[in-house]
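Welcome! Let us take a friendly walk through one protein model, starting with its open spaces and moving on to its charged pairs.

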Amino acid sequence: MPADRKARVGILISGRGSNMAALIDAAGREDCPYEVAIVISNVPDAPGLAYAADRGIPTFALSHKGVKRAEFDLLVDGALRDARIEYVALAGYMRLLSPGFVDRWAGRMVNIHPSLLPAYKGLDTHQRALDAGETRHGCTVHLVTAELDDGPILAQAEVPILPGDDSATLANRVLVEEHRLYPAALAALIRRTDAVQPPAAIITPGQE
Ligand code: GRF
């Protein structure tokens, strides 16, 4: 990838969007290989949308309620295509994805999960790690495949579980690492992928 070209990333959120904010903030650095070109939410009042909009990033919000999963995902995919997105980052996107959507973005869609996968897939990871008496916990960035929280692992960060931790203190400790790990893992994937296989769908200035 030419040093001056930045890959176009779309971020999907459902809520607070602190990982989205970390990805956006990292994109502001000159040596970052991506820019955040759209933020999409299935929750129209997701707090993260305002953070993105305040930074001039286009947003698209559409409630999934009453829409079939595959149809909803087609609408999201349309918004991503319209924004000429090359990579998708799920950041607290609380939706199961349809197989067609997962296939369409295979190798170019990442997720962050608050556990050391393959341990603790799914929800309530912090409490489950505490209940199991773990001494270590953390977060994982992985490629998204059809099975929930199951794709190839790109990067992990570990934290200790300390005496007196509850799920809130543990979640906060993990979240600090999530915000470091996610931008770094996404940047590494983009550098690697674009070097090997430039995305076919890119429209460069002058061709539009
Ligand atoms: C994070 O813990 C992330 O790992 C998980 O959902 C949470 C989203 O938090 N997938 P935020 O919206 O990024 O603040």
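## What counts as a pocket

On a 1 Å grid over the protein atoms alone, a pocket is an open set of points with protein on both sides within 12 Å along at least five of seven lines, and its lining residues have an atom within 4 Å of a point. Grid points are joined across faces, edges and corners, and a volume is the space filled by probe spheres set on the points.

This is a predicted model, where local features need pLDDT of at least 70, side-chain atom pairs count only at pLDDT 80 or more, and totals for chains, interfaces and linings use all residues. Residues are numbered from 1 along each chain as its sequence is written, and side-chain values use heavy atoms, with hydrogens and water left out.

## The largest pocket

The largest pocket holds about 930 Å³ of space. Its lining is made of 35 residues, and Gly92, Met94, Ile112, Pro114 and Leu123 lie nearest the centre. Because domain 1 (1-105) and domain 2 (112-208) both give residues to this lining, the pocket lies between them; the domain bounds come from an automatic or database domain assignment.

Which helix gives the most to the lining? That is helix 6, with four residues. Helices (H or I, at least four residues) and strands (E, at least two) are DSSP runs, numbered from the N terminus. By type, the lining has 15 nonpolar, 14 polar and six charged residues. Here Ala, Val, Leu, Ile, Met, Phe, Trp, Tyr, Cys and Pro are nonpolar, Asp, Glu, Lys and Arg are charged, and the others, Gly among them, are polar.

## Charged partners

Side chains of opposite charge can pair when their charged atoms come close. A salt bridge is a side-chain nitrogen of Lys or Arg within 4 Å of a carboxyl oxygen of Asp or Glu, and the whole structure has seven of them.

Asp77 pairs with Arg81, with the closest N and O atoms 2.7 Å apart. These two are four residues apart in helix 3 (residues 69-82), so about one helical turn separates them. Asp77 also forms a salt bridge with Arg104, at 2.9 Å between the closest N and O atoms. Since Asp77 lies in helix 3 and Arg104 in helix 4 (residues 99-104), this pair ties together parts that are 27 residues apart in sequence. Asp77 is buried, at 8% relative accessible area, while Arg81 is partly exposed at 47% (buried means under 20%, exposed over 50%, partly exposed in between, with a 1.4 Å probe and protein chains only).

Notes: On a 1 Å grid over the protein atoms alone, a cavity is a set of points where a 1.4 Å probe fits but cannot get out, and a pocket is an open set with protein on both sides within 12 Å along at least five of seven lines; lining residues have an atom within 4 Å of a point.
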